[in-house]
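A short briefing by topic will do.

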Amino acid sequence: MHAKRLRRYGDASVVKKLSSRHHGVTLSDRLWARVVRGAPDACWEWQGATDKDGYGRIGRGGRGAPNNPAHRVAFEISRGPIPYGLLVCHHCDNPPCCNPAHLFLGTHQDNQADKVAKGRQARGSTAGRCS
Ligand SMILES: [Zn+2]
């Protein structure tokens, strides 16, 4: 009798834990749910909200959490934390692209140099591709 009651209590607590799991969607789940992943060398474009420069924006989740550029989140998920002060740049010059193979770390200096180089080659495409 006593043992039965204990077991029932145990079951109840397990059920409670499982039922709250729908809140446990990870940042990674939410990112890739909004990215069209194609061939390994293709651009994987973010389909959700973007900022004025065309970069994807994804909420970190949680109260008051800021939005983050989707490609930075993609980089972190795939390669690890971004060192403080560094930018995540696109080899492909495609702001919504979240293919980790197209992303690399750069500095603000790199970004400026990139802008200048691209400004000389193709007028109208002077935006830096790091954020
Ligand atoms: Zn790309």
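In this predicted model, the zinc ion has the protein donors C43 (SG), C92 (SG), C97 (SG) and H102 (ND1), at 2.0 to 2.4 Å; donors are N, O and S atoms within 2.8 Å of the metal (3.2 Å for Na, K and Ca), and as water is not among the atoms, sites may look incomplete. Local features need pLDDT of at least 70 and side-chain atom pairs count only at pLDDT 80 or more, whereas totals for chains, interfaces and linings use all residues. Residues are numbered from 1 along each chain as its sequence is written, and side-chain values use heavy atoms, with hydrogens and water left out.

**Zinc site**

- The site of the zinc ion is tetrahedral, with angles of 103 to 115 degrees among its four donor atoms.
- Four donors count as tetrahedral if all angles lie between 85 and 135 degrees; four count as square planar and six as octahedral if opposite donors are over 155 degrees apart and all others between 65 and 115, and anything else is irregular.
- The ideal angle for four tetrahedral donors at a metal is 109.5 degrees.
- Along the chain, the donors of the zinc ion are spaced as C-x48-C-x4-C-x4-H.
- C92 and H102, 10 residues apart, both lie in the loop between β3 and β4.
- C92 is partly exposed at a relative accessible area of 25%, while H102 is buried at 11% and C97 is buried at 0%.
- Here buried means under 20% relative accessible area, exposed over 50%, and partly exposed in between (1.4 Å probe, protein chains only).

**Strands β3 and β4**

- Strand β3 covers residues 87-90, and strand β4 covers residues 103-106.
- Helices (H or I, at least four residues) and strands (E, at least two) are DSSP runs, numbered from the N terminus.
- The two strands run antiparallel and are joined by four bridges; strands pair if DSSP finds at least two bridges between them.
- V88 has L105 in β4 as its bridge partner.
- Both faces of β3 are covered, with L87 and C89 buried on one side and V88 and H90 buried on the other.

**Loop between β3 and β4**

- D93 lies in this loop and has a positive phi of about 55 degrees, although D93 is not a glycine.
- The relative accessible area of D93 is 28%, so D93 is partly exposed.
- N94 is in the loop between β3 and β4 too, and N94 is buried, with a relative accessible area of 16%.
- The side chains of N94 and E45 are joined by a polar contact of 2.8 Å.
- A polar contact is a pair of N or O atoms within 3.5 Å; within protein, one must be able to donate a hydrogen and the other to accept it, and residues adjacent in sequence count only if both atoms are side-chain atoms.
- Apart from neighbours within four places in sequence, N94 is in contact (heavy atoms within 4.5 Å) with the zinc donor C43 and with E45.

**Loop between α2 and β1**

- R37 lies in the loop between α2 and β1; α2 spans 27-33 and β1 spans 57-59.
- R37 is partly exposed at 49% relative accessible area.
- Leaving out neighbours within four places in sequence, R37 is in contact with W32 and W44.
- Residues up to four places away aside, A39 touches W44 and N99.
- From C-alpha to C-alpha, A39 and N99 are 9.6 Å apart, and in sequence they are 60 residues apart.

**Cysteines**

- Zero disulfides are found in the whole structure, a disulfide being a pair of cysteine sulfur atoms within 2.5 Å.
- The closest cysteine sulfur to that of C98 is in C97, at 6.6 Å, which is too far for a bond.
- C98 is buried, at a relative accessible area of 1%.

**Chain as a whole**

- The protein chain has four helices and four strands, which run α-α-β-β-α-β-β-α from the N terminus.
- Of its 131 residues, 29% count as buried.
- Among contacts in the protein chain with a separation of 6 or more, 45% are between residues 24 or more positions apart.
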